[in-house]
Each structure stands twice: as structure tokens, then as C-alpha cells.
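Hi everyone, thanks for making time this morning.

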Amino acid sequence: MPEGDEEYFGKNGEPRKYDPTFKGPIQNRGCTDIVCCILFIIAILGYFAVGILAWSQGDPRKVIYPTDSRGQFCGQAGTPLEKKPLLFYFNIMKCASPMVLLEFQCPTTQMCVEKCPEKFMTLIKAYSNKNDFDYYKKFCKDGGVPDILKYGLCPAMLTPSKPFTRRCFPALGQKGGVITVGNNSHFDDGSGKMRDAKDLMDGVKNATVVIEARQVCLLSLESSFLAMKHDLLFIVLLRFLAGIMVWVMIVLVILVIGYGIFHCYMEYAALKGEPGSDVTLQDLGFQTDFTVYLQIRQTWLAFMIILAIVELIIILLLIFLRKRILIAVALIKEASRAIGHVMSSLFYPLFTFLLLAMVIAYWAVTAVFLSTSNEPIYKVFNETACDHSRQTCDPANYTTSSMKKECPDSECLFAFYGGETVYHKYLIGLQFYNVFLFFWCANFVTALGQMTLAGAFASYYWAFVKPDDMPAFPVFSALGRSLRYHTGTLAFGSLILSIIQIIRVLLEYLDHKLKGAQNKCTKFLLCCLKCCFWCLEKFVKFLNRNAYIMVAIYGKNFCTSARDAFFLLMRNMIRVAVLDKVTDFLLFLGKLLIVGLVGIFAFFFFSGRVKAFENTAPHLHYYWVPILTVVIGSYLIAHGFFSVYAMCVDTLFLCFLEDLERNDGSAERPYLMPESLRKVLNKKNKTQPAE
């Protein structure tokens with residue numbers, strides 16, 4: 001066989017041959033996938049250029065401040081509207097939904113006010129009372145002038161409102177199951193007609209939750225530290241209790257299925273002699289009330305047979321896969337030891353989180369500036385028939401324009417932001433580029449974390465004397481190698497994944513747009529495409545993960561490493577399946593245990609049901625909000641810790657498979673796997689190699 005790569009790999013991914021110079025992750029390696037590295041750098045530079053262009057053209061005030069009908073920003077410092085931070089709608093019922101309001105496209109007059117209306121009032125009644133009209137004029141254009149009724153300078157009515165997202169929404173409530181506004185179920189719409197308060201629901205969504213944010217944040221932080229302690233404790237326990245937990249789980253599954261069989265038999269026997277219980281499922285046919293099937297003996301007989309078959313399959317799997325389950329348990333225990341020697345790996349997810357936060361922040365800021373770099377567009381709004389309705393107009397001279405003469409009761413109002421320049425024409429393309437680079441950068445950061453951890457844990461496995469033969473700082477050493485030599489490989493793998501993800505986003509967009517379509521063939525085709533690309537994304541993530549492990553060990557390019565990892569795993573398919581399911585179960589159990597403990601503690605703390613916490617717990621009207629916050633936070637922390645553990649197990653598993661194919665236990669080719677794995681496989685190192 002010729003020298004070079006073929007010495008270790010055949011054309012179809014045959015096992016490696018022994019290499020006496022191999023002692024763990026290759027140190028003297030070269031740069032890989034250089035073309036993709038250059039492409040990634042150019043894309044990043046283009047991303048910065050898009051950001052600079054967006055920041056120079058965009059105006060975030062359009063997001064920070066609500067905009068009135070004249071395109072002015074409410075509450076902006078240094079302007080006449082500085083003390084009027086809230087946006088008031090003349091007729092909220094003309095707004096179809098809150099999304100219309102947030103997109104500045106509600107077809108009614110909008111003006112900036114200092115405070116939202118606090119009481120019911122109609123223009124007709126207020127006009128006859130000086131004090132009421134003085135209050136009412138605060139919500140009129142130009143402070144109210146003669147002919148206000150004719151020119152629509154004031155709203156027809158005022159309803160008690162509350163500010164939400166700097167906009168005045170009716171103060172909706174509920175009393176006895178009836179929608180109310182200002183404690184009243186009816187209101188005068190200004191034309192003398194009484195309407196139900198629920199009519200306002202079409203224009204506003206009541207979504208206000210009041211919590212004491214500062215206390216909740218502090219207590220959530222304390223609970224996060226509690227979750228971290230539980231994570232560390234669970235990882236330590238896995239080192240000693242992994243085997244017990246797996247076998248207990250298997251026994252419980254068998255007992256539960258056995259109880260199900262017994263219960264089905266008891267129900268089957270109890271229905272003997274009951275009228276109508278001997279009817280067959282075929283004679284009964286399809287019934288919308290599924291409880292009818294439970295009154296038939298044949299249903300319970302079918303359940304009993306299905307459960308018995310499942311029980312038999314599980315027992316047979318245990319008999320034939322017992323050795324592989326023991327290998328999985330031994331690898332999980334060894335992963336706990338590896339993390340004990342590489343404790344800095346537990347904190348690496350914080351670095352990944354920081355990088356992801358920077359990527360998300362850059363994407364979000366760029367998206368905001370891009371979306372706010374349009375020019376204000378004004379359109380004609382009219383309640384009656386008008387040929388110029390929804391046409392663009394100029395508010396500066398609209399009162400003297402021909403459109404105003406043809407439609408006397410029309411108005412030229414601010415509608416949205418747009419533009420007709422070259423920049424505005426390609427704005428959609430820039431937004432797409434922003435989204436695509438967001439996926440690429442986020443996947444790159446994730447891939448960097450996977451390769452770094454893989455390099456650190458591989459150095460542990462291949463060390464003959466642990467931890468003496470390991471690098472002083474394995475995580476930093478692996479991070480340096482990944483960035484110095486394999487930036488192109490990381491970019492290549494993340495690019496493939498990003499393309500698939502952006503296609504999935506486009507399919508979701510098409511699905512959203514075609515929701516109203518009645519073409520069943522189109523719906524079926526779209527559903528199939530979404531399913532296929534979901535499966536493809538899962539497969540590519542799995543392949544990338546194992547390819548990065550091989551790159552971290554041998555320093556080959558992405559395609560070669562992906563091929564080697566794929567064939568290595570295919571030669572050990574059953575071991576892969578068993579290890580994957582056993583690891584998934586243990587990590588799921590760990591997450592469930594930690595989130596459950598923290599959630600129970602948060603419930604008793606925030607609800608004040610424990611006397612010991614009565615003086616320290618804050619008094620909250622909605623204690624479920626901080627509880628939910630703590631639970632989600634603890635889950636994210638647990639997921640971060642256990643992602644390190646899962647990466648450790650996967651790395652050690654690939655190293656274990658490589659060890660089996662490279663070595664034979666002789667003095668010249670000793671196994672580097674731990675003694676626990678050698679015992680499971682009945683393999684021994686004959687003699688220790690000479691120092």
C-alpha cells in the first residue's frame with residue numbers, strides 16, 4: 001500500500017493501520033479548506049460593509065419612538081414633542097390588529113399626547129361644556145379650532161386608555177366574563193350610538209403584565225447559580241451511578257409494560273359476558289367517540305398483543321445488546337472522569353454564549369437600521385368612496401391639491417416607510433444577506449465550540465498516562481489549533497448547514513404566504529419539502545459534529561474527515577445507536593431533575609407558601625412569571641453544561657472506535673482505552689511498553 005493517507009484509509013474507509021508515531025491530536029498540522037476560509041473572510045468583510053451602510057442610512061428613532069400622522073417622533077428629546085411621548089389614535093376601531101399599529105399603518109389620525117385619556121367623553125357633549133372641552137382639546141389637532149366637527153380635528157370620542165409600547169390602548173378588562181373598558185361594558189362611539197366594549201378588541205390586544213423586574217432578575221440569578229451546582233453534582237454522580245441509572249430505567253420500562261399487559265388482560269376479562277362487548281372492530285367501523293372502542297373486548301386484546309410484542313422485543317434486545325449497553329455505560333463514566341481532568345471545558349459554553357450574543361446583537365442592530373433606512377411615505381385616507389384612496393400624497397401642500405378638492409373629507413396621513421432609490425430597491429437583498437450571514441456566523445461559532453471541546457477531550461483519551469501526558473491547558477490549546485489551522489473547515493461545515501437552514505426559512509415563508517391557498521397538491525409538496533429539509537438538517541448536524549472531532553484529532557480537511565467519521569460510524573452502527581439512546585436518556589433525566597428541583601424551589605419561594613421565605617420573598621401579583629423565568633434559565637444552563645458532556649461522550653466514543661481498529665493490545669500497539677472498557681470487551685494489554 002502506498003505511503004500517505006492510503007496507509008490509514010482505504011478507498012471505502014477501511015480501518016486504520018497502526019501508526020507508532022500517533023500520540024493523540026496531531027500537533028504539526030497544516031491549514032485546511034483555505035478557499036472556504038478566504039470566502040468566509042470576504043463574506044465577513046461584506047457583512048461589515050452592509051452594517052456600515054445600514055448604520056449610515058438607518059434611523060433607529062423610527063423603532064424607539066412612535067410616529068404621528070405627520071411623520072414626527074413622539075417624545076424625541078430636543079423637539080416640540082419632547083414632553084408628548086405617547087401616541088394617541090383618533091379611532092382605535094379602524095385598526096385591524098396590534099400588528100397594524102406597530103407597523104404604522106392604522107388608517108386613522110394619530111397624534112402625540114402627554115397622557116392617555118382617563119375617562120369617557122364624546123366630542124358633542126364636551127363641546128357644550130368649557131371645562132370638559134379644555135380637557136378634550138388636549139387630544140385635538142392644533143388644540144381645537146372652529147369647524148372642528150367639519151374638518152375632523154378632534155376624535156369623536158375618548159375612552160379610558162393605558163400606555164403600552166408608547167401607544168394609548170383602551171383600558172380593557174373583564175368583569176363576570178364580559179369585556180369592559182373603564183369598568184363599563186358599553187360606550188358611546190361619539191355618534192350617539194352605544195357599542196359593546198368588545199368591539200375595541202379588533203383594534204387592540206390587552207397584553208400588560210406588571211412585575212417587579214429588579215427583584216425577579218436578582219432572584220433568577222441566584223436560581224441560576226443553584227442550577228449550576230446541580231449540574232456539576234449530576235455530572236459527578238454519573239461517574240458512579242451511570243450503570244445503576246441505566247439498568248433501573250430498563251427495569252422500570254419492562255415493569256411498566258408488564259403492568260400494561262396485566263391491566264389490558266383485566267379489562268378484557270371484565271368485559272366477558274357484557275352486552276355488545278363481543279362486537280368486532282371491523283363491524284363497529286369508525287367512531288368519532290373513541291371511548292366506544294374501550295367497551296369492546298377485541299380492543300383490549302389488541303392492546304395486550306401489541307404490548308406483549310414490545311416487551312418481547314425489549315427483552316431480546318437486552319439479551320443481544322447487553323455488551324454494547326455496558327460499553328455505553330463505561331463511556332459515560334469515562335466522560336465524567338475526562339471532564340474532571342478538563343474542568344475548564346465546563347465554562348467554555350459561556351465563551352460560546354458570549355460569541356453568539358455578539359452575533360445576534362450585530363444581526364439585530366443591522367436589521368433594525370436596514371428596516372428603518374426607508375423614507376416616510378404618505379397616503380390618502382378617506383372614509384367614503386374616493387378615486388385617490390391609498391395613493392401617495394404630499395402633506396405639505398395637500399390642502400390645496402386637486403385630490404383634496406375631489407375628496408373633501410380625505411386626509412394625507414403617514415402610512416409607512418419606503419423609497420424608490422437604488423438603495424431601497426436592493427434593501428430586500430441586503431436583509432437576506434444579513435439573515436444568511438447571521439446563520440453562517442452562528443453556525444461557525446457553534447462549530448468552533450464543538451471542535452475545541454473535541455480536541456481537548458481527545459488529548460485526554462490518547463494520553464497514555466493521564467493526566468501527565470495531557471497539555472497544560474487542553475481547551476486553550478485546542479482552541480488555538482482550531483482557529484489557526486481549521487477556520488476554513490469550520491466555515492465549510494457551517495456554510496453547508498446555513499444553506500439548508502436558509503432554504504427551510506424560505507419554505508416556512510412560502511407556507512405562510514400560501515396558507516389561504518386551496519391547492520392540496522401544492523400544500524402536500526411544500527409539506528414534503530419541509531420534512532425532507534428538516535431531516536437533511538439533522539443529518540448534516542450529526543455529520544458535521546463527528547467530522548469536527550476527526551479534524552480535531554488528525555487535522556484533515558472537512559470532506560476527508562466527514563468521510564472517515566461516516567465510515568467509522570457505519571462500521572459500528574449498533575454501538576452508535578445504543579450509545580446515542582443511552583446518553584440521550586441520561587442527559588434528559590439530568591435536565592428533567594435539575595429543572596424540576598429548581599422549579600419546585602422557585603414555586604415555593606415566590607408563592608410564599610413556605611413560612612421560612614415569607615420575609616425574603618417579594619410580594620408579586622403574578623408569581624408565575626418569575627417562576628417561568630427561573631425554570632427557562634435553569635434549563636438553558638443545564639443544556640449548556642450537558643452539551644459539553646454530550647460532546648465529551650461523542651469524542652471518547654470515536655477515539656474508542658479508532659483505538660480498537662489501530663491497536664491490538666500488544667506491547668508495541670497497546671490499547672489506550674480505560675481499564676473499564678477493556679474489561680467489558682475482554683481485552684488486555686499484554687505488557688507495558690518500555691519507557
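A word on the ground rules. This is a predicted model, so local features need pLDDT of at least 70 and side-chain atom pairs count only at pLDDT 80 or more, while totals for chains, interfaces and linings use all residues. Residues are numbered from 1 along each chain as its sequence is written, and side-chain values use heavy atoms, with hydrogens and water left out.

Let's start with the whole chain. The secondary structure comes to 20 helices and 12 strands; these are DSSP runs, H or I of at least four residues for helices and E of at least two for strands, numbered from the N terminus. Of the 691 residues, 44% are buried. Here buried means under 20% relative accessible area, exposed means over 50%, and partly exposed is in between, with a 1.4 Å probe and protein chains only. If you take contacts (heavy atoms within 4.5 Å) between residues at least 6 apart in sequence, 70% of them join residues at least 24 apart.

The unreviewed UniProt entry annotates "transmembrane region" for several spans, including 300-321, 342-365 and 437-464. A caution: UniProt positions are given in the numbering used here, feature names are shortened, and such annotations may be inferred rather than shown by experiment. In the model, residues 300-321 are 100% helix and 0% strand, with the end C-alpha atoms 31 Å apart. Residues 437-464 come out at 89% helix and 0% strand, and there the end C-alpha atoms are 42 Å apart.

Now, the cavities. Rolling a probe the size of a water molecule over the atoms shows where empty space is left. On a 1 Å grid over the protein atoms alone, a cavity is a set of points where a 1.4 Å probe fits but cannot get out, and lining residues have an atom within 4 Å of a point. Points are joined across faces, edges and corners, and the volume is the space filled by probe spheres set on the points. How many cavities of 30 Å³ or more does a search of the whole structure find? Two.

The largest cavity holds about 120 Å³ of space. Thirteen residues line it, and the closest to its centre are Phe-88, Tyr-89, Ile-92, Thr-159 and Ser-161. Strands E1 (86-89), E4 (157-158) and E6 (167-170) each supply at least two lining residues, and E6 has the largest share, with three. By class, the lining of this largest cavity divides into 10 nonpolar, three polar and no charged residues. For the classes, Ala, Val, Leu, Ile, Met, Phe, Trp, Tyr, Cys and Pro count as nonpolar, Asp, Glu, Lys and Arg as charged, and the others, Gly among them, as polar.

The second largest cavity has a volume of about 40 Å³. Its lining consists of Arg-29, Met-451, Gly-455, Ala-478, Arg-481, Ser-482, His-486 and Ala-552.

Keep His-486 in mind, please. Thr-32, in the segment before helix H1 (34-57), makes a side-chain to side-chain polar contact with His-486 at 2.9 Å. A polar contact is a pair of N or O atoms within 3.5 Å; within protein, one must be able to donate a hydrogen and the other to accept it, and residues adjacent in sequence count only if both atoms are side-chain atoms. Thr-32 counts as buried because its relative accessibility is 8%. Next along, Asp-33 is also in the segment before H1, and it has a positive phi of about 50° although it is not a glycine.

On to Ser-345, in the loop between helix H9 (297-341) and helix H10 (348-371). Is Ser-345 buried or exposed? Buried, because its relative accessibility is 0%. A polar atom of its side chain lies 2.6 Å from the backbone oxygen of Val-342. Leaving aside neighbours within four places in sequence, Ser-345 is in contact with Ile-339, Leu-453, Phe-457, Val-475 and Val-644.

Last, Met-358 in H10. This one is exposed, because its relative accessible area is 51%. Met-358 and Ala-442 are 84 residues apart in sequence, and their C-alpha atoms are 9.6 Å apart.

How values were computed. On a 1 Å grid over the protein atoms alone, a cavity is a set of points where a 1.4 Å probe fits but cannot get out, and a pocket is an open set with protein on both sides within 12 Å along at least five of seven lines; lining residues have an atom within 4 Å of a point.
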